[in-house]
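Reader: I'd like to learn how to read the strands in a model like this one. Could you walk me through it?

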Amino acid sequence: MQKRESYAKAKELILKAKRVLISGHLSPDGDSLGCMIAMARLLNNAGIQAAATADLHSLGKLGFLKGTKDLIPVRKLRRQKFDLFISVDCGAFDRMPPEVRSVAEKLPVICIDHHITNTAFGDVSIVDAEASSAAEIVWRFAKWMEWKLDNVSAEALWVAMVTDTGRFAYDATKPGTMRAAGDLLKYGVRTTLINDIIYGTFPKRAMALKRIAWRSLHIWKNGKVAEVSLKREDFRAVRGTKADAEDIIEIPRSVMKNEIALFFYQIPDRTKETRCSIRTRGDWDATVLATRFGGGGHRKAAGCTIKATLSDAKRQMRAAVKEMLKAACKKTMRIPVEAVAAVPSAPPEPEVKGQ
């Protein structure tokens, strides 16, 4: 479905709705949470009753955002009634909190996302894998709908863009991204405060988790691959959450010559599984590794859940990395048959007269 057709269909569903529920993926990051808050705010300001939902214990430092006080805790969704669901920054139903998924699957769904691995679920898909963030798409759609931004929605989208573009440093940052960001600045976004909160200050438990992660640093392939890990016991020891470990992937990524960075962690829950965050540089595609284990994301940033213990998950992922490196090496070294056939044979040696 073309963009305008998707927008028109989404508009039709929104205008028919009496109450809209908005959510993103599990353990929402800046893009997911920012889009949820902004979309709820934009809809309500346009006279359409809407509410966003999240696990309030998983917000971490992002809880400073205006609008978080209006979030519905996921555990209270059973008591609520909705007739439309909008998913933001989420590639599939199984990436949502279980409490959200059970509600969303029974409703008409609008999906707004930028993950290349998006499954195109829902009744309307507004998906652009070239966009820097889901926030950039939400901003475009808001402009198309002629919704009025305010300080709350602008700051939420600013945080979403800043965090998903690495402060506008990643490859996905395009002129359109900067135009959207420039527009958001018109609404009094507190850029210095936001930067200090997200990148300049950390709670003690986050610092403690970083210290533990540093001790686990393992570098191989001459620095090309680096990894760190956190066990359930590590989170419990410092009373930390996944939100406190949000930027730990930067530890292996900061290693000189690093091209593939891995962060294995087990959040303190009852599930017997290991999650893995993946970051890549150069031509390596992080989704090649993530999709192998049922995950997804972007070329340079992806993630997955491996149903295995920490040690076994590492073994499986390392094998996948080695296989990817080996396949790339073979591809580089391979000489096409037609290229060989095209190489002229050496000319015959000239006759030497008088012999």
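Author: Two strands count as paired if DSSP finds at least two bridges between them. Keep in mind that this is a predicted model. Here, strand β5 (residues 109–113) and β6 run parallel, joined by four bridges. Within that pair, D113 stands opposite V127 of β6.

Reader: How do I read the two faces of a strand, and which residues of β6 are on the covered face?

Author: In a regular strand the side chains alternate between the two faces of the sheet. Strand β6 (residues 124–127) has V124 and I126 on its covered face, while S125 and V127 lie on the uncovered one.

Reader: Why is strand β8 largely enclosed by the rest of the structure?

Author: Buried means under 20% relative accessible area. Six of the six residues of β8 (residues 225–230) are buried, so the strand is largely enclosed by the rest of the structure. V225, E227 and S229 point one way, A226, V228 and L230 point the other way, and all are buried.

Reader: Which strand pairs with β8 in the parallel sense?

Author: That is strand β9 (residues 260–265), which pairs with β8 over six bridges.

Terms used. Residues numbered from 1 in each chain as written. Predicted model: local features only at pLDDT ≥ 70, side-chain atom pairs only at ≥ 80, totals over all residues. Heavy atoms only, no water. Buried < 20%, exposed > 50% of the residue type's maximum accessible area, 1.4 Å probe, protein only.
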